[in-house]
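Please keep the sequence and the structure in view while reading.

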Amino acid sequence: MLKTLRSNNRNVSLILLMLLLSARAEVLSETRNPVDASDRPNVVVLLADDLGWKDIGCYGGPVETPTLDLLAAGGVRFTDFYAGAAVCSPSRATLLTGRQHLRAGIYSWINDYEQNSHLLRRELTLAEVLKSHGYETVHLGKWHLGMPTRQKPNKPTPSNHGFDYWFATDNNAQPSHRDPVNFVRNGKPVAKLDGYACQLVVDEAIAWLDKERNSDRPFFLNIWFHEPHAPIAAPDEIVSRYGQLNDPAAIYSGTIDNTDRAIARLLTKLEQVSTPEDTLIVYSSDNGSYRADRVGQLRGTKGSNFEGGIRVPGIFSWPGKIRIGHVVQESAGQVDLLPTVCALVGIDTPKGVHLDGSDLSPLLTGRKDEFVRHQLLFWLLPASDPAAAIRHGQYALVAHRNYEFPKDWEEMAALRRQIEETLRRNGTLDKEIRGSTLDKQMFEGFKDREAEKLRGQYIRLNMFNESWIATIKAGTYRRFELFDLDRDPGQETNVLKQHPEVFERLKRQLLALNASVMADAPNWSAESDGSR
């Protein structure tokens, strides 16, 4: 049905399919009983990388995403949905475990060549939970939760975290989304691939469904796309729909559009192997965008615990089980995914494991009054400023740490100046930053090889250092800000003095959660290998 997505009639086909699925789902929602152990759905998690809250169509964004818009129209869309963290590795750890990422061993984004950290072996992931109940488990795309290197050879792989089959990169697609050279399949490096990362990942999903899948068992497909994380690339014919071919904003949009088209191909295959009513699909992004023009009116971007760094799309679709075309304004996030999936597919959450997330199934199935958040949404990213945040109802409290890290700020500033001078000398400055700024390109990357090499040095200086962990564990907070998100979504006005009782209550809860997380978090500076 979705084969026409690549034609000019793409939107028309999607609308017709949406109407068909909605009609069928309305009948099923009245007759289908809750899933039991012998009739569990497939589970598909789709995660974008660095995609902002205001990027895709159904969130009012500028990119044409009819496939994702269809999923939202046929399911539930959250307006206030949150990533597990404001940067990559921590967010992914929280998504897979339902636990604050420091508990799971992740303080910041991981460099496998220089850091000991990885997702702790002792953590129970969603893949392991589903696998123990008969699911086939597959991870495709970016991983970034630790991978063995020559320098750190004992780190676990996706196989050690519950995945039967995996096709992944340790971090970003290199040298860009186009023709990547760094994929690994089940522990074995793959030669250079022709095509774009999002399409290649879906190619692998389709091949697995065709050749590897056991039709007698449900499956868990965990697909983590690389787009729109830098270094970015997309087909010219798609980029041209959004601007000039050398415009970073147009290329960025093109990567998202291309991913939407890849997801369309995946949905076609999923419909061939199983009915939509037998597949739960979740879509989100690992953190906010690095582009300030893609987070709407929110404050902050990727890396920030202000709303722009952590608020992301959140879409759930399961015809016949989840409500159709419903918009939920209750705050929720990726930390809730594990308990929510367990509830929806009819299995128990892990015993003896403290989950920071709550079961969202009442919000997804029309039982809003039954929803209980047992613990407030909480973010702790020590290298960020503010370092911590907590959300309750209309209020968000953020906390600024009372300690600093010994970064070489002078050397970082010197490298930035050297990059600009290099681009000017090579005559590539205007081409590199067209429609953007030099600071933004420090996130997106440079095509100029000399400048990109210098950017690598800058990134290493800005990277989290595990020797800081003792300081983090001993640290506290020096300043707090309280925001009323209903009246001030851009977090411009600190209302702490106007609502002292709210502030004191949220401060107590933030500090209690902070202490609980720090007590669980390992000190990687004392670790010499990946044995944990």
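## Overall build

The model is predicted, and its secondary structure comes to 16 helices and 15 strands. With a radius of gyration of 22 Å, close to the 24 Å that the globule rule gives for 532 residues, the chain is as compact as a globular protein of that length. Taken along the principal axes, the box filled by the C-alpha atoms is roughly 65 × 55 × 50 Å.

Of the contacts between residues at least 6 apart in sequence, 71% join residues that are at least 24 apart.

Buried residues account for 61% of the 532 residues in the chain.

## Helix H2

Helix H2, which spans residues 66–73, is mostly covered, since six of its eight residues are buried. The buried residues of H2 are Pro66, Thr67 and Leu68, together with Leu70, Leu71 and Ala72.

## The loop between E4 and E5

Two residues of the loop between strands E4 and E5 can be set side by side. Asn182 is found in this loop, which runs between strand E4 (165–169) and strand E5 (184–185), and at 18% relative accessibility Asn182 counts as buried, because the cut-off for that class is under 20%. The side chain of Asn182 has polar contacts with the backbone at two places: one of its polar atoms lies 2.8 Å from the backbone oxygen of Asn172, and the side chain also reaches the backbone nitrogen of Gln174 at 3.0 Å. When neighbours within four places in sequence are left aside, the residues in contact with Asn182 are Ala168, Thr169, Asp170, Asn172, Ala173 and Gln174.

Arg178 also lies in the loop between E4 and E5, but Arg178 is partly exposed, with a relative accessible area of 49%. Not counting residues up to four places away in sequence, Arg178 touches Gly195, Tyr196 and Ala233. The C-alpha atoms of Arg178 and Ala470, which are 292 residues apart along the chain, are separated by 41 Å.

## Other loop positions

Arg291 is found in the loop that runs between strand E8 (279–285) and helix H8 (307–310), where a relative accessibility of 1% makes Arg291 count as buried. The side chain of Arg291 is joined to the side chain of Asp293 by a polar contact of 3.1 Å. Pro41, in the loop between helix H1 (10–31) and strand E1 (42–48), is likewise buried, with a relative accessible area of 0%. Pro41 and Arg373 are 332 residues apart in sequence, and their C-alpha atoms are 25 Å apart in space.

Gly243 belongs to the loop between helix H6 (236–239) and helix H7 (248–273). Its relative accessible area of 29% makes Gly243 partly exposed. From Gly243 to Cys198 there are 45 residues in sequence and 21 Å in space, taken from C-alpha to C-alpha.

Terms used:
Residues are numbered from 1 along each chain as its sequence is written. This is a predicted model: local features need pLDDT of at least 70, side-chain atom pairs count only at pLDDT 80 or more; totals for chains, interfaces and linings use all residues. Side-chain values use heavy atoms; hydrogens and water are left out. Helices (H or I, at least four residues) and strands (E, at least two) are DSSP runs, numbered from the N terminus. The radius of gyration is taken over C-alpha atoms; the globule rule is 2.2 Å times the number of residues to the power 0.38. Buried means under 20% relative accessible area, exposed over 50%, partly exposed in between (1.4 Å probe, protein chains only). Contact means heavy atoms within 4.5 Å. A polar contact is a pair of N or O atoms within 3.5 Å; within protein, one must be able to donate a hydrogen and the other to accept it, and residues adjacent in sequence count only if both atoms are side-chain atoms.
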